[in-house]
Amino acid sequence: MPIVTFLPTGKTVDVPPGTELLDAARIAGVDIDSPCGGKGTCGKCVVLIRSGDVDTDSLGALSQAVVSAGNVLACKTRVLDTPIVVDVPEQAGRKGGKFGDETDDVNLIRHELLPKNWQYDPLAIKWFVDVPPPQAGEGLSDFDRLVRRLQLEWGKKEFVCPLSVMRLLAGCLRVQNGQVTVTMVRESDRYHIIGIEPGNSTVEHYGIAIDVGTTTIAVQLVFLPLAKIVAVRSDYNSQIWCGQDVISRINYARREDRREELRTRVLSTINNLIRQVAESHNVTPQRICNAVISANTTMTHLLLGLNPEYIRLEPYTPTLLEVPYLSASDIGIDISPESWVYISPSVGSYVGGDITAGLLCTDIAIGANGFRLFIDIGTNGEIVIGDNEVLMTCACSAGPAFEGGGIEFGMRAAIGAIERIEVNPQTGVPNYSTIGNTKPRGICGSGMISLLAELFLTGWLDGAGKLNRQRKSDAIIIDGRHAKYIIAQADETYSEKALTISEVDIENIIRAKAAIYSACSLMVQMLGCELADLEKIYIGGGFGRFLDIRKAIVIGLIPDLPHEKFQYIGNSSLMGSYMVLVSDDYRDRQLELAKRMTYIDLSTEPSYMDQYTAAMFLPHTDSKLFPSVKN
Ligand code: FES
């Protein structure tokens, strides 16, 4: 079989002739950016063939001159029966999210959202019991004696135990004279024993709340006896190499081996984050005995290895909306293997468990004095509008711009991200601040909103997203038809390269904000009211510590309403997962909300595209909709 060598890492792989270069790279453990999922449409998987022959269909997507110089699309190129050496260029836009220092993502805890008057009732409990020793002639097994002891305290319930835990029972009972700690899950009248340890380990009791986003994944470690969040970490979902949005991932997952690759990738990110939060608190994964995962419908399918293809095809049918409890070992989550994993219920193909979890952080469903709106800004923008009687929801494809995807120096809201910018009206030169007050590594969603609003208000950017070419500024570089804005000079940044934003980046941000604004205005219209009638608007998303409402209005991301009507609730999917982890009431409420919601498919709404096109301007083509910006 021909050997493929990938530079600059030098990794090699033997693959049969006919193997796609993109697949060969995956097998070798080399990441090649493939935002369109390998369909040959994005042109991002370009590699350089240094030596050897290949069979390629890259012409068309790439020019003759580019292909003649040895460049090919990895997804449209096959290996022949000769060794080849392939140069993989450094992948821009991914570096910003990876950090050597694994510090807590403190921004992911919204203290104001921590429940105050709720009933603490986690799914898994730990119970210490003193099981009497066996007596000659009583005819009771170890399990019989354990159950009798538990029934004394928990009543005449049925207790069941999987074989893997049963195998530990005899040994555990004999370490400390019958004193053991049992981990149990209650399910109506039946108790499932999911773990047993010698001695009293009731205070070593942890759970995990997980938000699986298309672009980023966040994990909280929760000390269950006090319902206290003790560590939080986030990272990019390593599936982003296989497509930037859910449609690209679904395309990528059409082949079974690639579906398995996506499952392995998301699990590796989750398990790596679990390891980090556990190690940061000296907790062994065995002490983590319950997990709640919230994700959009496609991510849920990919995590479980389900075929997501029919989510994309009419009539858009997922395999599952409500997932039954599964064990951690069934899914592949590295915690106590028999732990029950609860997956937040989805509403439809494009409104998933991340939204039903996020809704728990709002009071939309109980509002009686007018409609309230919840906007979750992620790679997909999801909107929920309603009150105590009606709940309508929809999704729009915002793209990953606000999470740093598709923006050359974009990054998630983590240490080193520029989050606020002011622009000098006279010189156009910026003044910025970063999360953690460190050297800048990139710009996060709140920084992008701040930058565009400042440039627009100071006249350095026009409504169409073009930088001002009439006035001279040290911060603007004009290169023919293209222009870039320098946010930080090379000597100020972590990478020692100038940190810039191009007009192409700005266009991506404008597309994202237009998708969200037009979906909001359409949903409001469908309920027969006006944006001004909304009583309250909750905004969720991974913007970090704050979202500047004024600047989000200036760029036309959110409606021009009094600021007191808005509440930024951060990563509501993660906070909702936490609520479900610690309280049975929230699990019930989430299921009820999922059933109450009516899903609206925007692709069947003829006026959506018109509204979207009208919103492709700063703040909007109809300036009357943004009177505070006009003034
Ligand atoms: S063109 Fe190859 S992955 Fe998009």
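1. Start with a strand pair. Ile418 has Thr434, in strand E22, as its bridge partner. This is a predicted model, and the points below should be read with that in mind.

2. The strands around that pair come next. Strand E21 covers residues 417-423 and strand E22 covers residues 430-434. The two run antiparallel and are joined by five bridges. They form a hairpin, with six residues between the strands. Look at Gly428 in the turn: its phi is positive, about 80°.

3. Now the domains. The domain assignment gives domain 1 as 3-91, domain 2 as 124-198 and domain 3 as 206-343. Domain 4 is written in two parts, 361-400 and 510-630. Domain 5 is 408-502. How far apart are the centres of domain 1 and domain 2? Taken over C-alpha atoms, 57 Å separate them.

4. Move to strand E10, residues 179-187. E10 pairs with strand E8, residues 124-130, in the antiparallel sense. Seven bridges make up this pairing. Within it, Lys126 stands opposite Thr183 of E10.

5. E10 also pairs with strand E11, residues 190-198. Again the sense is antiparallel, here over eight bridges. Val180 has Pro198 in E11 as its bridge partner.

6. What do E10 and E11 form? They form a hairpin, with two residues between the strands. Ser188 sits in the turn and has a positive phi of about 40°.

Conventions. Residues numbered from 1 in each chain as written. Predicted model: local features only at pLDDT ≥ 70, side-chain atom pairs only at ≥ 80, totals over all residues. Heavy atoms only, no water. Pairing = 2+ DSSP bridges. Helix = DSSP H or I, 4+ residues; strand = E, 2+ residues; numbered from the N terminus. Domains from an automatic or database assignment.
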